[in-house]
Amino acid sequence: MGWGLSALTRLAGSKVVDRAGLRKPIESLVTAGTRNGFRVAGAATRSFKSVQKLGKPARLAPAGDTGLFDLTPSEDQQLIVETVTEFAAEQLRPAAADADAKLEAPEGLLTRAAELGISLVGIPEELGGVGTERSVVTNALVAEALAHGDLGLAVAVLAPSAVSTALVSWGDEQQQADYLPAFVGENVPAAALALQEQKALYDPFKPATKARRTPKGYQLDGVKSLVPRAAQAELFIVSADLEGRGPALFLVESSNAGVTIEAEPAMGLRGAATGKLHLEHVNLPAGALLGGGKLDVFTDLVRLSRLGWAALAAGTAKAVLDYVVPYVNERVAFGEPISHRQAVAFSVADIAIELEGLRLVTLRAAARAEQGKSYAREVALARKLAMDKGMQIGSAGVQLLGGHGFVKEHPVERWYRDLRAIGVMEGAVLL
């Protein structure tokens, strides 16, 4: 897109354009390109192929049920969270403002994030990962820690692991053999879980993207919206309505004919470099269907994705709290810190209270999910709290900073914009 705009801008400044009477059309093209972006072919992709034969798909066993509701992190979990928290503070937080302005992560940041091995926790040992059992709670803690650094960059970092987690949970032996080896190597591919569509009152269980059967497999047509790192992604998991039967999931490589990408900057999550995924008569083999097209598979995926967004909301809300507490204690008005005013103190206390409730409900849902118990009710509660209280906390953070909350000198305005995404986003992350 940058090269295209640069060329058009130089052309628009040429005197030849005036002599040819093309000034107006070219200026309109530059304006449209700046606003909407250009549609380009999918990212140049590696050749995904099997490196080993699997007799059956590898799955992670449910975590053991101790009979107690104890969310105290284990020693391993604590070590992982401390490592990720340090990375988020040292790498994501300082890069966030620049990523928000430039609509992309800084060079090398996502490579350094991949070196943390976040996706390895959810991949079984026999496939090259380090997972021995389902790790939904660990993934929730990791998402929370990353979002404390920056929510947009956290989504960019977690996008590939959403695809690898889905392959581990529902992929057949051939799909796992073809794709998962790439996620345990040194060069983890950019990948994305694409459920979102750009329409009012979007229901993930009623996708407008259509899939129809063909003699050799399936053909997909539709547009997916707000796909993280869409321009760089080499592999997508896409939801589509399968010939009126209901929602199903398909593996789509960016090299497939008919796959094009369009930039789609949004109000928030700008560091995630969101884009539109256009699918025009994209032909897929029969083996591209994930999870056999079963509704319960799709339902689990949506719930675990919503759980991921709740964890991200908790992390960013914690960032807001950690920022406003020292601010209101240090900000002096009328001869005393503004935290001495009841209205300010109560507002900060409300943030802490709502945050604690959100975290507990989210981690309870994650604990039930990884133990193989029903967790639909807990996910619904977590999503509702994340949507309502997340935006409330973001707004309160801006309000507590007064005029400073409205300017980019302070990060709360970015956190407010990012937290607004919780209520509209589906997919992209998966625990």
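The largest cavity in this predicted model has a volume of about 110 Å³. By cavity I mean a set of points, on a 1 Å grid over the protein atoms alone, where a 1.4 Å probe fits but cannot get out. The volume is the space filled by probe spheres set on those points. The structure holds 3 cavities of 30 Å³ or more.

Some housekeeping. Residues are numbered from 1 along each chain as its sequence is written. Local features need pLDDT of at least 70, side-chain atom pairs count only at pLDDT 80 or more, while totals for chains, interfaces and linings use all residues, and side-chain values use heavy atoms, with hydrogens and water left out.

Back to the largest cavity. Its lining, meaning residues with an atom within 4 Å of a point, includes Asn 139, Ser 161 and Val 429. By class there are 7 nonpolar, 5 polar and no charged residues; Gly counts as polar here.

Now the core. A nonpolar core is a set of buried Ala, Val, Leu, Ile, Met, Phe, Trp, Tyr and Cys residues joined through side-chain atoms within 4.5 Å, with buried meaning under 20% relative accessible area by a 1.4 Å probe, protein chains only. Which residues touch the most other members of the largest one? Of its 105 residues, they are Leu 146, Leu 307, Trp 309 and Leu 312.

Trp 309 touches, among others, Leu 151, Ile 422 and Val 429, leaving aside residues up to four places away in sequence; contact means heavy atoms within 4.5 Å. A second, separate core has 23 residues, including Ala 192 and Val 282.

Methods: 1 Å grid on protein atoms, 1.4 Å probe; cavity = no way out; pocket = protein on both sides within 12 Å on 5 of 7 lines; lining within 4 Å. Buried < 20%, exposed > 50% of the residue type's maximum accessible area, 1.4 Å probe, protein only.
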